[in-house]
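Trainee: Could you take me through this model? I want to know what stands behind each term.

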Amino acid sequence: MLQLHNVSLGGRHRFDHQFADGQIAVVLGSNRSGKTNLCRLIAGLDSAASGQVMLDGKSLDGLSPARRSVAMVYQAFVNYPNLTVAENIASPLVAAGTPKAVRKAQVAELARSLQLEDLLTRLPAELSGGQQQRLAIARALAKQARVILLDEPLVNLDFKLREALEVELRDLLVARQSTVIYTSSDPRDAFTLGDEVLLLEHGDKLQAGPPMQVYGQPRSLAAMHLLSDPGANQFMQGDQNLAVRPEHLHLQPLSTGAHAFTLHITAIETSGDESFVHGDVTAPVQASNWVMRMRGMTDLRTGGLVQIYARDEDLQRFACG
Amino acid sequence: MAEIQLVDVSFSYPGAAGATLEQLSLQVADGQAHALLGASGAGKTTLLNLLSGLLSPDQGRILFDGQDVSRLPGRERHVAQVFQFPVLYESMSVRANLQFPLTNARVDVDVARQRIDHVSAELGIESLLERRAGQLGLFEKQLVAVAKALVRPDVALVLLDEPLTAVEPKIKWQLRQVLRKAQADLGVTMIYVTHDQTEALTFADQVSILTAQGILQSGTPQQIYEAPAHEFVGHFVGSPGMNFVPAALFDQPQAERLGFRPEWAALVSPSAAALQGAVSRVRAQGSQGGEHVGLTTIVTQHGEVHVHGPLRFAVGHEVGIQVGRYVLFRAQQQIGTGRWHAE
């Protein structure tokens, strides 16, 4: 188990956190939330973060990066430019003194699972961006570290490639039984990859837990926003701050006691799979910049007024201030 | 602003084995927001460079309002470009950045001031005008880069090359909305190049799917999504893409394959459907009406199938897949669409 104790990422509060063995934790936060500093702290690299890191009850403090059982994959593709694909994958095994026969078998297996088997004799410069990042991931996995850190590894990849890799990556990582920490600013990654999600904002830990639990019971408006894409829709009622997720607004009242709102539509976007209806609420409360997220295409038009509904169970209530 | 036409344009890089673009034709109406959607290697950048005048076609013609500009240098085409990362003079104020292209184009000082005011109001950056560009955040910088492209009164075409790459996912839609509104209000012809289907479909009036084989389809986002002209379009657009199974399973002898979107199907008991399989993966994406919803992957005799909806079956369960809407293909070309059940 990987334990963080009394960690500061430059936020208002120090915090503790435990990452379970064999689980993937998605660390979700926007730019400058402290994600990269957290990874660097665990890896033992220079970091603005401070705090104690314990692996299986032993402190890693003072241990150089090379002496920690930690592998890291960065956003930008980092490979040895003058080594072939096969040599790159083998490099951590060579460093660990793995016998040649074992090494060969492991390189072949990793190359197969990351679909690099036909590229083994190429140099990194002869690979596409997606292939280079798969190579960096293969090298990190070859290290057979107890902890694997992936710092927004797919952010620079093509949409379709990313979609395919996300699914493969989950299977590969689960099979390693390592503790995996995967940072992202995209809430979808928490659901696709995460057994657990850890929400960070401005260096503070907002909430952690299984993604669906955090989604269903956000402890704060900030936590709700962070695990929502687009962000949650807010309004005030008395001394309460209420919020509802974009996908929980509907054109029909789905249950008795549903709350009705009049939305003045200011823009409509569609991605094919989904449509996003943007607008301002004019009744019974005043609220601006709402978004309704619907499956498929929509016949709604910009400029119109539409009645929308939210189930009472889908409203989250937060104390003001 | 101008109507843009590419007529049978071919281009090969010197020494390359094959043509990067071959006999490509494309039509973009005056004042249209047009997205070119394609994967890496499809020739998106080459096409942009042909439009901006950095490259000239080997064959074919590029027309702006009917006038052949194929051999004209970039500056005479009046094309403005927005790049992946904002390109600004960091030490200058935002106003000076916007003034720069106008001074170069010898625009009258009063006209220039009006233009700057108008465009910055449209993009909501009036309050940034006196600030130094280097002090701005990435999102604001990219807005200024867009303003710089739009500010010239004589601009015929604005090219956007993956302009949201550097912007965080959570605020991408805001920039997209501002762009979209400015495009419509100013009546600008825009060509937006991206590999991201969400960006292409949300931004554009018309989307063209560019592949190494040429443009496979040009159409409204709805046509592209609901009636893909080619199997590749069905696969490439949509996340995950369209499912394809043998059309014979559904008694469609005129077609070879039948395609359906993950949300066009429902999971039922195995005996109630022509297509069955075992659930291999379940991915929750949220909840609806208190029930978990997301993506269920089913391994069938004809490959993996993805179905979006309520998550009622666990991994290992045998299920039937009831298809509601479909698209028919023969030799990868679409030959019709239909539906069986009211949705």
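Mentor: We will take the terms in turn, and keep in mind that this model is predicted.

Trainee: What makes E4(B) and E5(B) a pair of strands?

Mentor: Two strands pair if there are at least two bridges between them. E4(B), residues 59-64, and E5(B) share two bridges, in the antiparallel sense. That meets the cut-off, so they count as paired. Across from B:Leu63 stands B:Asp68 of E5(B).

Trainee: In what order do the strands of that open sheet in chain B run?

Mentor: The order is E2-E1-E4-E5, with antiparallel pairing.

Trainee: Why do E2 and E5 of chain B stand at the edges?

Mentor: E2 (21-28) and E5 (67-68) of chain B each have a single partner strand, so one side of each has no neighbour in the sheet.

Trainee: Which helix lies across E1, E2 and E4 of chain B?

Mentor: Helix H1 of chain B, residues 44-52, lies across these strands. H1(B) runs at about 120° to E1(B).

Trainee: What makes chains A and B touch?

Mentor: Contact here means C-beta atoms within 7 Å. By that test, 30 residues of chain B are in contact with 32 residues of chain A. E14(B) gives the most to the side of chain B that touches chain A, with five residues. That side has 10 nonpolar, 15 polar and five charged residues.

Trainee: How many residues of chain A count as buried?

Mentor: The share is 43% of its 321 residues. A buried residue has 20 or more other C-beta atoms within 10 Å of its own. Chain A itself has eight helices and 17 strands.

Conventions:
Residues numbered from 1 in each chain as written. Chains lettered and ligands numbered in written order. Predicted model: local features only at pLDDT ≥ 70, side-chain atom pairs only at ≥ 80, totals over all residues. Helix = DSSP H or I, 4+ residues; strand = E, 2+ residues; numbered from the N terminus. Contact = placed C-beta atoms within 7 Å. Axes fitted to C-alpha atoms, helices over the stretch in contact; angles between N-to-C directions. Nonpolar A, V, L, I, M, F, W, Y, C, P; charged D, E, K, R; others polar. Buried ≥ 20, exposed ≤ 12 C-beta atoms within 10 Å, placed from the backbone.
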